[in-house]
Amino acid sequence: MKRALFITTSHNNLGESGLKTGVWLEEVATPYFRLREESIHVEIASVEGGNIPIDPVSESEDWMTEDTIRFKGDKTAMFLMNTSLRLDEVNPSAYDLVYFPGGHGPMWDFVNNPLLNNTLQHFIQEEKVIAAMCHGVSVLVDAVAPNGNVFVKGRKITSFADSEEIGVGAEKVVPFLLESKLTALGGIYSKGKDFSSHTVVDNNLITGQNPSSSSEMADKMIELLK
C-alpha cells in the first residue's frame with residue numbers, strides 16, 4: 001500500500017489583521033478522500049502537532065463543498081486533524097508522497113523552518129512525489145536541490161497568484177507575495193484564471209494554484225504514485 005503524508009500549518013493568526021487563518025479545509029478534504037478511495041494510506045502531520053487550525057472562511061457557507069461537509073462529519077478524518085503528528089514524530093522514509101495544503105497559515109510557519117525543511121529534503125533527495133497547493137507552495141522557498149541549487153530554480157511551478165492575493169485583500173498582510181518570490185528564485189511560474197483550477201507537474205513535483213485545484217491536484221498525485 002502506498003503511503004501519503006499531509007503536512008499542514010499550525011499558524012492561526014492572519015498577520016496583524018486581527019483575523020484568524022489556518023489550513024484551507026477543501027485542500028485537505030478533497031485529496032484525502034480521493035487518495036483513500038484509491039487505497040492510499042493517508043496520515044496527517046502539522047508543524048506543531050495536535051489540533052490543526054482551520055481557516056474559518058473555508059468553513060463558511062459560501063466555501064463549503066461536498067468534500068468539506070463530508071470531511072467534517074467523518075470521525076476518522078477529524079480525529080487525524082485533531083491529533084495530528086508533530087514534525088519531530090514523523091519518519092519521512094515511511095512515506096511515498098508528501099503533500100503541503102495551503103490556507104494563509106503556511107506563509108508564516110512553512111518558511112524559515114529548519115525541521116520542516118529537513119523533512120522536505122528527504123523527499124527531494126529520494127526523488128519521491130512532492131505536492132504543494134496554494135500558499136502551501138511556500139514550503140519550497142527554502143528548499144535546496146540535490147546539486148545545491150535553489151530547488152525551484154528552473155522548475156515549472158504555480159501557487160496562489162499575486163493577483164489572487166490582491167483579490168482577497170491580503171497583499172499587505174502576508175509577509176511576502178508568493179508568486180513574486182517564486183519568480184525571483186528562478187521558478188518558471190504559470191497561472192490560470194484567478195480562483196480557477198490550475199496545476200503544474202514537473203517530474204516528481206506537483207503544484208496547484210488555489211483551492212479550486214484540489215480535485216485536479218488529487219488526480220495528479222494518484223497518477224504519479226501509480
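How many of the 13 residues of helix 1 are buried? In this predicted model, the count is 10, so helix 1 is largely enclosed by the rest of the structure.

**Figure 1. Helix 1 and its buried residues.** The buried residues of helix 1 are Leu-25, Glu-26, Glu-27, Val-28, Ala-29, Thr-30, Pro-31, Tyr-32, Phe-33 and Leu-35. From first C-alpha to last, the 13 residues of helix 1 reach 18 Å, close to the 18 Å expected at 1.5 Å a residue. Ser-39, which follows helix 1, has a positive phi, near 60°.

**Figure 2. Helix 8 and the elements it packs against.** Helix 8 runs over residues 214–225 and has 12 residues. Its span between the first and last C-alpha is 16 Å, close to the 16 Å expected at 1.5 Å a residue. Buried in helix 8 are Ser-214, Met-217, Ala-218, Met-221, Ile-222 and Leu-225. Because these residues cover an arc of only 135° around the axis, they lie on the same side of helix 8. An α-helix has 3.6 residues a turn, so residues three or four places apart point the same way. The buried residues of helix 8 pack against helix 1 (25–37), as well as strand 4 (97–100), strand 5 (129–133), strand 8 (199–202) and strand 9 (205–208).

Figure 3. Gly-103 is placed in the loop between strand 4 and helix 4 (106–109). Gly-103 counts as buried because its relative accessibility is 4%, and the cut-off for buried is under 20%. Leaving aside neighbours within four places in sequence, the contacts of Gly-103 are with Gly-22, Val-23, Trp-24, Glu-27 and His-135. Of these, Glu-27 is also among the buried residues of helix 1. Thr-21 stands 82 residues from Gly-103 along the chain, yet the C-alpha atoms of the two are separated by 7.0 Å.

**Figure 4. The largest pocket.** The volume of the largest pocket is about 390 Å³. Its lining is made up of 18 residues, and those nearest the centre are Trp-24, Asp-55, Val-57, His-104 and Val-168. By class, the lining of this pocket holds 12 nonpolar, 4 polar and 2 charged residues. Trp-24 is also one of the residues in contact with Gly-103.

**Figure 5. The largest cavity.** Searching the whole structure gives 1 cavity of 30 Å³ or more. The largest cavity holds about 30 Å³ of space. Lining this cavity are Phe-110, Asn-113, Leu-116, Asn-117, Val-139 and Asp-142. The lining residues of the largest cavity comprise 3 nonpolar, 2 polar and 1 charged.

Notes: Residues are numbered from 1 along each chain as its sequence is written. This is a predicted model: local features need pLDDT of at least 70, side-chain atom pairs count only at pLDDT 80 or more; totals for chains, interfaces and linings use all residues. Side-chain values use heavy atoms; hydrogens and water are left out. Helices (H or I, at least four residues) and strands (E, at least two) are DSSP runs, numbered from the N terminus. The expected span of a helix is 1.5 Å times one less than its number of residues. Buried means under 20% relative accessible area, exposed over 50%, partly exposed in between (1.4 Å probe, protein chains only). The arc is that of the directions from the helix axis to the C-beta atoms. Contact means heavy atoms within 4.5 Å. On a 1 Å grid over the protein atoms alone, a cavity is a set of points where a 1.4 Å probe fits but cannot get out, and a pocket is an open set with protein on both sides within 12 Å along at least five of seven lines; lining residues have an atom within 4 Å of a point. Grid points are joined across faces, edges and corners, and a volume is the space filled by probe spheres set on the points. Ala, Val, Leu, Ile, Met, Phe, Trp, Tyr, Cys and Pro count as nonpolar, Asp, Glu, Lys and Arg as charged, and the others, Gly among them, as polar.
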